[in-house]
Amino acid sequence: MSSNRLNDAALAQLFLDARTANGFTDEPVAPELLQQIYDLAKMGPTSMNCQPARYVFLTTREARQRLLPFLMEGNKAKTLAAPVCVIVATDTRFHAHMDKTWHDPSGQQLFAGNEALAAATAQRNGTLSGAYFMLAARALGLDCGPMSGFDAAGVNREFFPDGRFQANFLLNLGHIDNSKTFPRNPRLSFDDACQVL
């Protein structure tokens, strides 16, 4: 066993005992904790260090109410009650920052000159970064309720009217109310999901 292996308690916190939060207590989330989560998550690898993910933290009830017209009915009450809802978005012009994040200046031109490559790279790496963000939040003691049940075009019109950012998914953050947690659904087995060639 590798000496770098996380202990069982850490693995349980990140994966085995962690649950999708369907409800939250009224314990607040400190603003500085949001920055700590980001500062961990940003260290996860992305293609050519492109870092296309952008995060909009809706920390007030008024801000979360702006989402309501675009949420599926089952997501409305829990989003209003969550201490924080994060719009995990992608920056369609992420390559504008690559002069700061990539060691070779030609990286910026690679994406600027290929719209299809830029779009695919932004979507893939933005989603990956959102997953890093959830693990960072769990590592720092918060619970996560990711959601894809929303009208992305409506959220984009409301929050990103210039079109540069595109909503990927929503993420409620806080401290889980276990009385509202659903039973865990089964996961596919190794044999069902994996091949070793």
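This is a predicted model: local features need pLDDT of at least 70, side-chain atom pairs count only at pLDDT 80 or more; totals for chains, interfaces and linings use all residues.

Author: R66 and E158 make a salt bridge, with 2.8 Å between their closest N and O atoms (the term asks for a side-chain nitrogen of Lys or Arg within 4 Å of a carboxyl oxygen of Asp or Glu). This pair links distant parts of the chain: R66 sits in the loop between α3 (61-65) and α4 (73-81), while E158 belongs to helix α8 (residues 152-159), 92 residues away. Residues are numbered from 1 along each chain as its sequence is written, and side-chain values use heavy atoms, with hydrogens and water left out.

R66 is partly exposed at 37% relative accessibility, and E158 is partly exposed too, at 32%. (Buried is under 20% relative accessible area, exposed is over 50%, partly exposed is in between, using a 1.4 Å probe and protein chains only.) Side chains of opposite charge can pair when their charged atoms come close.

The whole structure has 6 salt bridges. Another one joins D8 to R5, whose closest N and O atoms are 3.1 Å apart. D8 is exposed, at 54%, whereas R5 is partly exposed, at 39%.

Over in helix α4, K76 and E73 are 3 residues apart, about one turn of the helix. Their side chains meet in a salt bridge of 3.4 Å, N to O. E73 is exposed at 62%, while K76 is partly exposed at 24%.

Now for the rings. The count comes to 5 aromatic pairs (Phe, Tyr and Trp rings, the six-membered one for Trp, with centres within 6.5 Å; planes under 30 degrees apart are stacked, over 60 edge-to-face, the rest tilted). One of these is Y38 with Y55, edge-to-face at 5.9 Å centre to centre and 65° between the planes. Y38 lies in helix α2 (residues 31-41) and Y55 in strand β1 (residues 53-58), so the pair ties together parts 17 residues apart in sequence. Y38 is partly exposed at 32%, but Y55 is buried at 16%.

Y55 also meets F133: their ring centres are 4.6 Å apart and the planes are at 25°, so this pair is stacked. F133 is in helix α7 and Y55 in strand β1, so here the parts tied together are 78 residues apart in sequence. F133 is buried, with a relative accessible area of 0%.

(On a 1 Å grid over the protein atoms alone, a cavity is a set of points where a 1.4 Å probe fits but cannot get out; a pocket is an open set with protein on both sides within 12 Å along at least five of seven lines; lining residues have an atom within 4 Å of a point. Points join across faces, edges and corners, and volume is the space filled by probe spheres set on them.) Among the residues lining the cavity are Y38, A41, A53, R54, Y55, S129 and Y132. α2, β1 and α7 each supply at least two lining residues, with β1 giving the largest share, 3 residues.

The largest pocket is about 250 Å³, and its lining includes F15, R19, K78, R138 and F182. The second largest pocket holds about 170 Å³, and T90, H95, F111, E115 and Q166 are among its lining residues. Helix α7 (115-139) and strand β4 (165-174) each supply at least two residues there, and α7 gives the most, 5 residues.

Definitions and conventions:
Helices (H or I, at least four residues) and strands (E, at least two) are DSSP runs, numbered from the N terminus.
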